[in-house]
Amino acid sequence: MAISHEKGDVWRHPSEDFSVSNIRYFSRHKGEVNCCAFSPDCQILLTCCDDGRLYLWNSTSAKHLATFSGHSGPVKSCVFSSDGQLFASASHDRTVRIWSRSGTECTHLLTAHSGSVETVSFSPDAQWLVSGGWDNRALIWRVQSGEMVEDLRGHTAAVQSSAFSSDSQCVATGSWDRTVRVWKLLEEKEAVTLQGHLGNVACLCFSVSGMLASGSWDGTVRVWLPMRHTCLFVLGGCERVWVRSLAFSRDGLVLASTAEGDMVRIWDVTTGVCLKRLQLHGVCVCLLTSGSEQLDQFATSSSKTD
């Protein structure tokens with residue numbers, strides 16, 4: 001539990017002691033920054049931009065390490081593999097690229113989408129990649145070969161978000177059709193469909209225990225037990241703002257969310273209570289990742305250009 005009682009003492013989850021400090025700025029982008037992602041050790045930050053490029057940074061010093069070019073349109077999404085050796089990018093140019101961190105050339109160019117690609121995610125075992133976009137499809141790729149192995153159809157509008165379960169056996173997709181679908185990887189079974197959001201589903205995240213969180217343009221975060229078709233909590237909703245990003249702590253006890261505006265909220269997923277609000281003075285757009293045992297690092301991106 002996030003909050004427990006022992007011998008009369010009240011134990012507090014470490015996330016309740018978070019504060020905003022040591023803000024660093026990463027400033028070489030020539031367009032809106034659409035997404036950013038930490039390497040697994042949180043030492044490297046990856047960003048992607050409307051200028052068609054990806055950038056690698058030292059997350060501690062904010063030193064620019066490398067720029068990756070190749071896309072012919074805005075880069076909409078980026079993500080590291082679990083071992084940190086690869087990263088992937090999705091672009092408005094209808095392609096997905098897999099890159100090696102050790103070089104500047106992409107290792108695989110994936111070209112099966114017929115519209116802008118809005119989301120890309122690696123499986124935790126680094127064997128699979130999912131991409132989704134304006135063609136209403138989610139495609140599963142084999143990372144080692146770049147081969148497309150599955151074409152997931154069922155959404156009636158663009159696929160905007162995606163996430164793999166911690167065991168790499170399931171993948172969730174969120175769509176402009178306001179639904180979340182959960183698919184068993186490489187199994188010809190009908191997807192679980194989760195309904196309830198009143199706006200586009202913009203972000204998804206699995207916990208280590210199998211809970212699924214979804215964030216929407218309707219201003220809410222929903223926490224699900226997906227295989228039971230059960231919504232445990234509806235979080236937020238008082239402010240009609242676009243929820244942009246989600247991250248569970250590694251212990252699965254708390255969830256961080258951020259929306260258009262300037263507030264990160266940290267939630268106890270055993271009770272649905274908001275434990276902490278962090279004010280970021282108008283620059284916060286998307287939360288990226290969790291650090292060591294609890295959430296302890298996050299990054300933001302902004303539409304501000306240099």
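Predicted model: local features only at pLDDT ≥ 70, side-chain atom pairs only at ≥ 80, totals over all residues.
Residues are numbered from 1 along each chain as its sequence is written, and side-chain values use heavy atoms, with hydrogens and water left out.

Rings of Phe, Tyr and Trp (its six-membered ring) were paired if their centres lie within 6.5 Å, with planes under 30 degrees apart taken as stacked, over 60 as edge-to-face and the rest as tilted. This rule gives 7 aromatic pairs. One of them is edge-to-face, because the ring centres of Phe 68 and Phe 87 are 4.9 Å apart and the planes stand at 85°. Phe 68 belongs to strand E6 (residues 64–68) and Phe 87 to strand E8 (residues 86–91), so this pair ties together parts 19 residues apart in sequence; strands are DSSP runs (E, at least two residues) numbered from the N terminus. Phe 68 is buried at a relative accessible area of 1%, and Phe 87 is buried at 0%.

Phe 87 also forms a stacked pair with Trp 99, at 6.2 Å centre to centre and 15° between the planes. Trp 99 lies in strand E9 (residues 96–100) and Phe 87 in strand E8, so the pair ties together parts 12 residues apart in sequence. Phe 68, Phe 80, Phe 87 and Trp 99 are linked by ring pairs into a cluster.

Notes: Helix = DSSP H or I, 4+ residues; strand = E, 2+ residues; numbered from the N terminus. Buried < 20%, exposed > 50% of the residue type's maximum accessible area, 1.4 Å probe, protein only.
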